[in-house]
Amino acid sequence: MGERKVSKGADVLFVYTNINGFHSDVYSFGIGYLSSVLKNSGFQPKLIIVRSKKDYKKVLKAVLEERPKVIGFSAVSSQFVFICELAKMIKRIHKGIIVCGGVHPTIFPESLFSSFLFDGFFIGESESSFVDFVSNVRAGARYQDTDNFCYVDTNRLVKNKLRPRVKNLEDLPFPDRDIYDYQSIINENNSMATIMTSRGCPFHCTYCSNYAIARVYGEENNIIRYNSVEKSLEEIDVLKTKYTFDKLYFIDDLFILNRNWLDDFLPNYKKRFKLSFMCHIRPDVCTKDILFRLKDAGCYRIFLAVESANDYIRNVVFKRDITKAQLENVFTWAKEAGLETQSVNIIGVPNETEETILETINFNRKMNPTVTGVNIFSPYEGTELGDYCREKGLLRKNNPCKFFDRRQSRLTLPTIKNAKLMKLYKRFQYLVYKDIDLLRARRVLWISNYERLERNIFLGPFFRRFRKIAKLGGNIMLPKRS
């Protein structure tokens, strides 16, 4: 998809990078919401999507054609190095203001010091403050004092006041999907549209950004906030009038936490839509009754984060506070309810050994999920476990531009050699299924090898084109990046 055609006169040119990315889905709800509030305030935002370094030229071309007043990036840790490269190239040809928001600037604003290519960062939820910022820029007024803005002044990091996070999500407009070629995103992902009915997650998993974001706001928990049931249903109605799809993916970090909301949403969803959907659950807040009600409303698959079957890794290193019995219960109940299950796992963490990885593989084999996925741990800056890895000197000195997020290890672990870790990663799904269903095991191994070919710098374009022609959907069924 690369570039979305732009017309002249953009107030803001958003640039969204997904290089060596973990997801084929390139829709950013963060940019979607910012675009909506900008349009509602009379501004004209545009968007360029960057899937490889070849798309850098398209960005520079759009900058020269548009001459936007503001160039806005959205960064996760794994993409920041590419964003810095682009910012440097843009600075050479354009005098516009370059800013960056997203998870990485929010939890690691000190990275402004590593690159003076940006006029500043936006920290936290910035829909309203970003509109004020763009208004000041267009009026030629001082923009540095905008709330949620962070900048460097004479070697000092200045962080302005944070506005409270949006309490009532229904006060926001629907996220803008028109700025994207959203139908193409649906088509690439097996006719599936994505929707987010809530923000936040109150748990303290050490590898995740949610707890780090809460600390930015001086809070203990990233309290979950839900859109109203009626507005969530209305958004689905709007999606159905604009786009063609036959499945929904609720990408909320924790779809089932608010029981009152769920009790109201599920029967109303069932009445209004005949759309199958999938969602994320957490074992220690899930019951058998919830799973049967999800199935009755149209859910066909749940995402279950096992992460590790080893009790020490799961509950001490990750601080999940989830028992193996709770995990087993959810797998059992899901099968009784007729729900597909997708197990999500993380390997390659501090104190990981070959034995702990095999324990996770054996647990998945015992549970026999419909799909099993595995990620290699990524030590995101600002997260508790990422900071621990830096403090202990576990990070490799490899070129971050050549690093594939969650598919290669950035750590040197004394407890397992990298070659052994990569071998177990590549064969994880095969080892789960080989004694259950050899045909399925060989199929997942073939798909895994095929996806690696898609990421190959030389062969990738050919295989991605083949997938498009063959109408083989991308994989959006794995957890979100931090």
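Trainee: Is the crossing of α9 and α10 left-handed or right-handed?
Mentor: This is a predicted model, where local features need pLDDT of at least 70, side-chain atom pairs count only at pLDDT 80 or more, and totals for chains, interfaces and linings use all residues. Residues are numbered from 1 along each chain as its sequence is written, and side-chain values use heavy atoms, with hydrogens and water left out. A crossing is left-handed if the near helix is turned anticlockwise from the far one by less than a right angle, and right-handed if clockwise. By that rule, the crossing of α9 and α10 is left-handed.

Trainee: At what angle do the axes of α9 and α10 cross?
Mentor: Helices (H or I, at least four residues) and strands (E, at least two) are DSSP runs, numbered from the N terminus. Axes are lines fitted to C-alpha atoms, for helices over the stretch in contact, with angles from 0 to 180 degrees between N-to-C directions. The axes of α9 (residues 259-272) and α10 (residues 288-297) come within 9 Å, and their crossing angle is roughly 25 degrees.

Trainee: How is α9 oriented to α10 in words?
Mentor: Angles under 35 degrees count as roughly parallel, over 145 as roughly antiparallel, 65 to 115 as roughly perpendicular and the rest as oblique. The crossing is at roughly 25 degrees, so α9 and α10 are roughly parallel.

Trainee: How many charged residues are in the contact of α9 with α10?
Mentor: Contact means heavy atoms within 4.5 Å, and α9 contributes R259, L262, D263, L266, Y269 and K270, while α10 contributes I290, R293, L294, D296 and A297. Ala, Val, Leu, Ile, Met, Phe, Trp, Tyr, Cys and Pro count as nonpolar, Asp, Glu, Lys and Arg as charged, and the others, Gly among them, as polar. The contact has 6 nonpolar residues and no polar ones, and the number of charged residues is 5.

Trainee: How many charged residues are in the contact of α2 with α3?
Mentor: α2 (residues 56-66) and α3 (residues 80-93) pack at about 40 degrees with axes 10 Å apart, in a right-handed crossing. Y56, V59, L60, V63 and L64 of α2 meet F82, E85, L86, M89, I90 and I93 of α3. Of these residues, 10 are nonpolar and none polar, and the charged count is 1.

Trainee: Which strands stand at the edges of the open sheet of 6 strands?
Mentor: The order is β8-β11-β12-β13-β14-β15, with parallel pairing; two strands pair if DSSP finds at least two bridges between them. An edge strand has a single partner, so one side of it is left without a neighbour in the sheet; the two are β8 (192-195) and β15 (371-376).

Trainee: Which residue of β15 is the bridge partner of Q342?
Mentor: Strand β14 (residues 340-347) runs parallel to β15, and 6 bridges join them. In β15, the partner of Q342 is V371.

Trainee: How many of the 5 residues of β10 are buried?
Mentor: Buried means under 20% relative accessible area, exposed over 50%, and partly exposed in between (1.4 Å probe, protein chains only). β10 (residues 222-226) pairs with β9 (residues 198-201) in the antiparallel sense over 3 bridges. β10 is mostly covered, and its buried residues number 4.

Trainee: What distance separates the C-alpha atoms of N329 and P283?
Mentor: N329 lies in α12 (residues 324-337) and is partly exposed, at 34% relative accessible area. P283 is 46 residues away from N329 along the chain, and their C-alpha separation is 8.0 Å.
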